[in-house]
Amino acid sequence: MQTIVENAPTNSTVSSTPTTVQPTVVIEANRSWWRLDLHELWKYNELLYTLCWRDIKARYTQSVIGIGWVAISPLVTIAIVTIIFGYWVKIPSDGLPYPLFVFTALVPWLYFSKSLERASTSVTSEANLITKVYFPRVIIPIASALSGLIDCLVGLVIVIAMGLWFGITPTWGILALPLFLGLALATALAVSLWFSALHVRYHDIGAIAPLLIQVWMYASPVVYPLSMVPEHWRAVYSLNPMVGVIEGFRWALLGKVPPDFSFLALSAGVVLVILYGGYLFFRKLEQTFADVI
Amino acid sequence: MSDIAIKAEHLSKRYMIGARRQRINTLGELFTHTVSGFFKTRSTPADEGTTLLKALDDVSFEVKKGEAFAIVGHNGSGKSTLLKILSRVTTPSAGRANICGRVGSLLEVGTGFHPELTGRENIYLNGAILGMRKAEIAAKFDEIVDFSGVERFLDTPVKRYSSGMYVRLAFGVAAHLEPEILIVDEVLAVGDAAFQTKCLTKMGDVARGGQTVLLVTHNLGFIANLSKRAMVLQRGQVKFVGNSSAAIGAYLQSAAGNKGSCDLRGHAGRQLGSTPSMTSVRITDKDGLDKQSFSAGGEWQLELEYACKSDVRLMSAGVFISSVSGIGVGSFDTFMCFPPPHHIPSSGMIRFCIPELLLCPGEYFVSVGLMLDQQHAYDQVTRAISFSVETNDLYGTGHMLTTDHGLCVFKGTAEIVT
């Protein structure tokens, strides 16, 4: 939240120029939706910050524990998973303490799943904005995906603390963490763009998203290590971008096996394709949002 | 750079309504639709039952920079659709518009307010949503707070605000947006009288301060005061563009036909969902002769003719009188006048009578309607016909009543007690 406040003065110096130049807006029946219009998106960066900040703020006001819930819910999940998979089923964890092994994966995973769940209904729940004021609608799912990062950061701090407690100090690999965080963000955003646009028209998405998340979790190495996946399936398995993200997190924070970077590149490639397609799809559909919402 | 702020050319907006070919809302429907479409050899393009609603039909106009331009029209005439297109909320089906300058809309004040956030936070949030920069909001923050008068509650979540405070704060933010083009839609109906006056003053300042204002309101007095030019929309089409007093005339014409009687078939004021069955309405004097202008205290009669299918059981027919500025003056119906059972024939003529019309001088509208029961209207036409009340010496003291005396004449008495 502080970063938003600090950003203000730097932006305000830029803002003095648009008032002198009057922008001409052309409203046409058929906008060319294949144009990315990223500069227009950038003009609304302050709105993006504000919506993120509102999401975070509104999520934790009037709650006694507030941001503490960010820590509590994954801890409960870890306890359950550790008992069932760690002690009962005895799933191997690459020689790491099982709770730590799971938590490292849960941080990006929970970020992804919660963002996806929130973002898929985000556009619909902003119906009052969409029918009243103009701004690039893409900002809504982007803000949704970004605002989840705060939870993720809190989770990271806990993982590092937990690692220290288990006697694992972070290696230089931790410097690569922002890269994997970025990949997690891109993955969440890519899927969210498709889902949030579809949700405006088909409310079924509201039911499909949680199902997909459930299946996706077991298709990602959250509760089990990648080494359990048969060698010849690894390439197909790595098409799931969350595999790269989770393996990357484990490597960056716990420093065991470095991820296979060719598979990681494959994951990133898949994400970029979904992200680009999702953006265009969203832009195509956003023209009718106000009419069908 | 030209001096045109808004240039709209042939704007149209069509909606598909009707039973067939309707929107597919669930994936299941999408599936069945796709499958059935696959097996149908050649789907009929214009399926029966589909209606193409032309919300806007070839609308062209220009607004100069610094001009206050008003748009008037009945419900469903396309005003809101036009504003939505101009504020880029929705896209037109055809045509184009050039807009020069930042557009700020007051389509509905309080857009994006979050109930959990405090007044202070909502000012920033709302400002950002309306397109203000953070630095701009900070610079105007005190002004906004002053204007809305909520300084004591700045750090209270707005969900605990009274509705009046909420609206004041919302309008405060919107009014300080100061875009080059301001779109105002019916915001003045909110707040108490003192706050409304404040808003009017602010709007006046804005309109006179060189900002381009696009105004949509039912308050014809407001239009006459603030804007020089106006456009009348009727059923999505431009009926008139010109100076505002002529536009008000054209609007009243379209509203009523400035005669004592009016054909209701195909009337522009018919509410959506009505089954057109009222055929004509006629305002007369006590002798049953068409009359358009009355003097206060005179007898007023209205004859409503209608014909429904014989199996329609109507409960009542009624009239509703409102002032030019949209204020409801009074209403009555057969339900009030007749003892139970409250039925009226399925077709015929009903005469409504006000023995003593105690209204101040001015222009008044009459809306008429047929009701099936207390909640469900069968046919409703708003502002079906208008009549005027002329200034006269009702008290017999030589004092002429004017529009400044309000809407209602009390015909009161006064005595000096001491």
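**Note on the predicted model**

1. B:Met278 has B:Tyr306 as its bridge partner in β13(B). Strand β11 (residues 278-284) of chain B and strand β13 (residues 300-307) of chain B run antiparallel and are joined by six bridges. Strands pair if DSSP finds at least two bridges between them. Strands (E, at least two residues) and helices (H or I, at least four) are DSSP runs, numbered from the N terminus.

2. This is a predicted model, in which local features need pLDDT of at least 70 and side-chain atom pairs count only at pLDDT 80 or more, while totals for chains, interfaces and linings use all residues. Residues are numbered from 1 along each chain as its sequence is written, and chains are lettered from A and ligands numbered from 1 in the order in which they are written.

3. Strands β11 and β13 of chain B belong to an open sheet of four strands, with the order β10-β11-β13-β16 and antiparallel pairing. Its edge strands, β10 (261-263) and β16 (347-354) of chain B, each pair on one side only. On average, neighbouring strands of this sheet are turned by 10° against each other, direction ignored.

4. In chain A, the axes of helix α5 (residues 98-120) and helix α9 (residues 149-165) come within 9 Å and cross at roughly 175°. Axes are lines fitted to C-alpha atoms, for helices over the stretch in contact, and angles run from 0 to 180 degrees between N-to-C directions. The crossing makes α5(A) roughly antiparallel to α9(A), a term used for angles over 145 degrees. Residues making the contact include A:Phe103 and A:Tyr111 of α5(A) and A:Leu156 and A:Met162 of α9(A); contact requires C-beta atoms, placed from the backbone, within 7 Å. By class, the contact has eight nonpolar, three polar and one charged residues. Here Ala, Val, Leu, Ile, Met, Phe, Trp, Tyr, Cys and Pro count as nonpolar, Asp, Glu, Lys and Arg as charged, and the others, Gly among them, as polar.

5. The largest nonpolar core has 140 residues, and A:Ile139, B:Leu86, B:Leu214 and B:Leu215 have the most contacts inside it. A core is a set of buried Ala, Val, Leu, Ile, Met, Phe, Trp, Tyr and Cys residues joined through C-beta atoms within 7 Å. Helix α10 (residues 177-201) of chain A gives the most to this core, with 15 residues.

6. B:Asp146 lies in helix α4 (residues 134-148) of chain B. B:Asp146 is exposed because 12 other C-beta atoms lie within 10 Å; 12 or fewer count as exposed, 20 or more as buried, and values in between as partly exposed.

Note on methods. Angles under 35 degrees count as roughly parallel, over 145 as roughly antiparallel, 65 to 115 as roughly perpendicular and the rest as oblique. Two residues are in contact if their C-beta atoms, placed from the backbone, lie within 7 Å.
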